[in-house]
Amino acid sequence: MNDAIVQVEHLRKEFSGTVAVADVSFNVRKGEIVGLLGANGAGKTTTIQILLGLTTPTSGSVRVFGKDLERHRCEILQRCNFCSAYTALPSNLKVRENLRVSGGLYGVPDLFRKMDALLSLFEIAHLKNKVTGQLSSGESTRVNLCKALLNDPELLMLDEPTASLDPNIADKVRKLLRKIQREQGITMIYTSHNMRDVEEVCDRVLFLHKGLIIAEGTPQEVITQFNHKTLEEVFITVARSGDLLEETT
Amino acid sequence: MSWCRIQALVLRYTYLYTRSVPRVTEIFFWPLMDLLVWGYVTLYLQRIGGVSAPANVFMFLLGAMIFWDILYRAQQGVTLSFLEDVWARNLLNVFVAPVRIGEFVLATYIVGLFRITITVAMLAGLAYALYSFNIFSLGMSLLPFFANLLLMGWALGMVTTSLIMRWGQAAEALAWGVPFLIQPIAAVFYPLDVLPRWVQPIALCIPATHVFEGMRQVLRGEGVSAASLTAAFALNAIYLVAAALFFRYMFDVARRKGLLAKLGTQ
């Protein structure tokens with residue numbers, strides 16, 4: 001696939017004999033938003049960590065922008081970014097200070113203009129001089145998203161970005177992510193336990209179960225494949241039955 | 001190496017220190033307490049020793065205390081910078097950025113150097129004000145001693161950080177404990193020949209031993225020992241390379257075992 005930004009082949013990861021990812025292969029095309037779905041322990045976080053170069057695979061290969069991740073880690077990370085509900089920016093730094101440091105790590109040109117533009121986009125420009133630890137979780141998430149977009153990433157990995165947001169802000173964030181993706185053509189890999197998020201944001205989903213991809217396609221295709229009405233029903237069924245794939249295919 | 005990334009990391013740690021009252025206090029508080037305790041202990045020793053007390057006991061003990069603090073703060077500069085990111089759950093944000101290991105380590109070295117400069121300046125000023133002890137009486141020989149303790153502190157810092165990276169926050173206590181493991185045999189407050197004969201060869205493998213022996217020699221007015229300094233620099237070169245290799249190895253182990261991600265989110 002020529003326009004594949006991410007190429008994962010036969011990825012396997014074991015931790016002291018426990019298989020976290022059994023055998024996963026997939027591609028992500030340029031400009032696509034791909035959702036990694038699965039219950040806890042399905043292997044999606046490990047897959048994201050491998051794609052970020054935080055964890056090395058036991059076997060298999062990962063190529064990003066056509067380059068081997070292990071050999072060109074820093075070069076690839078320069079063109080990526082990450083936002084997770086489970087990481088935080090230092091709480092005793094002001095928002096602008098955190099963004100300044102993050103921008104410096106990526107060598108962002110014209111950093112202050114970029115910071116202002118992103119803060120305005122996420123409607124948090126008034127928080128620029130506020131200490132990060134004093135922000136609400138919704139505001140923190142939006143600051144994290146600003147940080148993740150500072151370097152104009154070509155590949156953005158989002159780990160449950162709307163996990164701590166109220167429905168109103170979550171909806172705004174989803175729409176913004178879609179807008180940014182349309183305007184800038186950013187490729188995104190998205191994990192979430194919120195199936196509404198996934199249906200609304202993702203072009204394609206990969207359903208993981210016990211370290212294997214058991215279903216793949218657009219959200220609607222996956223729903224149809226499992227004879228359900230919503231992705232949430234599919235999720236619950238998959239989480240409760242490991243043998244689902246055999247029943248439905 | 002990207003100077004821009006190193007600058008960003010140093011800026012981040014500078015913000016952290018200047019924004020936190022406990023962190024700023026910590027730079028001054030413990031060294032000040034050490035100085036007061038050691039200063040008055042020395043005064044007492046001089047008093048009970050009467051005329052038999054060596055006149056330069058004051059210089060030996062206070063000089064050693066200030067020098068020890070250089071090593072300790074250098075080690076802390078490296079280790080605590082790493083721990084700050086762990087405590088702030090910010091480690092992943094650093095390691096998913098295109099930061100090279102060398103850049104990260106170099107930034108922690110620079111932060112350590114800032115901390116030491118502030119601490120030593122304060123200690124030197126107070127030692128002079130309270131006890132009329134002038135550390136600068138060591139003259140230019142102060143610089144190579146300072147440099148050696150800094151290098152050894154950095155090497156110890158890298159080893160400590162590697163261990164924390166491998167064993168997680170359970171190993172946090174090492175950040176404060178590791179330097180004290182070597183203190184009894186590094187001839188910090190007493191000469192090498194006080195140590196049991198069988199310990200002395202081990203002590204001579206520690207760069208700091210040569211620094212503290214050299215410092216006492218200078219304070220006795222015997223001049224700088226080129227042999228002590230050469231030994232200290234040579235040992236430090238070996239330890240720095242070994243510590244860097246150990247850090248790299250542990251970083252790879254942490255990535256293989258998924259510990260980096262775990263440490264960054266726990």
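## Basis of the model

The model is predicted, so local features require pLDDT of at least 70 and side-chain atom pairs count only at pLDDT 80 or more, whereas totals for chains, interfaces and linings use all residues. Residues are numbered from 1 along each chain as its sequence is written, and chains are lettered from A and ligands numbered from 1 in the order in which they are written.

## Chain A: overall form

Chain A contains ten helices and ten strands; these elements are DSSP runs numbered from the N terminus, with helices (H or I) of at least four residues and strands (E) of at least two. The C-alpha trace of chain A spans about 55 × 40 × 35 Å along its principal axes. Its radius of gyration is 18 Å, in agreement with the value near 18 Å for a compact globule of 249 residues. This radius is taken over C-alpha atoms, and the globule rule is 2.2 Å times the number of residues to the power 0.38.

Of the 249 residues of chain A, 48% count as buried. A residue is buried if 20 or more other C-beta atoms, placed from the backbone, lie within 10 Å of its own, exposed if 12 or fewer do, and partly exposed in between. Among contacts in chain A with a separation of 6 or more, 65% join residues 24 or more positions apart; a contact requires C-beta atoms, placed from the backbone, to lie within 7 Å.

## Chain A: helices H3 and H5

The axes of H3(A) (residues 95-106) and H5(A) (residues 137-149) come within 9 Å and cross at roughly 25°. Axes are lines fitted to C-alpha atoms, for helices over the stretch in contact, and angles run from 0 to 180 degrees between N-to-C directions. H3(A) and H5(A) are therefore roughly parallel, a class for angles under 35 degrees, while roughly antiparallel applies over 145.

A:Val95, A:Asn98, A:Leu99 and A:Ser102 of H3(A) meet A:Val143, A:Cys146 and A:Lys147 of H5(A). This contact comprises four nonpolar, two polar and one charged residues. Ala, Val, Leu, Ile, Met, Phe, Trp, Tyr, Cys and Pro count as nonpolar, Asp, Glu, Lys and Arg as charged, and the others, Gly among them, as polar.

## Chain B: overall form

Chain B has eleven helices and zero strands. Its radius of gyration is 19 Å, close to the 18 Å given by the globule rule for 266 residues, so chain B is as compact as a globular protein of that length. The C-alpha trace of chain B spans about 65 × 40 × 35 Å along its principal axes. Of the 266 residues of chain B, 43% count as buried.

## Chain B: helices H3 and H5

H3(B) (residues 57-87) and H5(B) (residues 101-131) have axes that come within 8 Å and cross at roughly 155°. That makes H3(B) roughly antiparallel to H5(B). The residues of their contact divide into 15 nonpolar, five polar and three charged.

## Contact between the chains

The contact takes 30 residues from chain B and 25 residues from chain A. On the side of chain B that touches chain A, H1 (3-19), H4 (91-95), H10 (226-256) and H11 (259-265) of chain B each give two or more residues. H1(B) supplies the largest share, nine residues. By class, this side of chain B has 14 nonpolar, eight polar and eight charged residues.

How values were computed:
Contact = placed C-beta atoms within 7 Å. Parallel < 35°, antiparallel > 145°, perpendicular 65-115°, else oblique.
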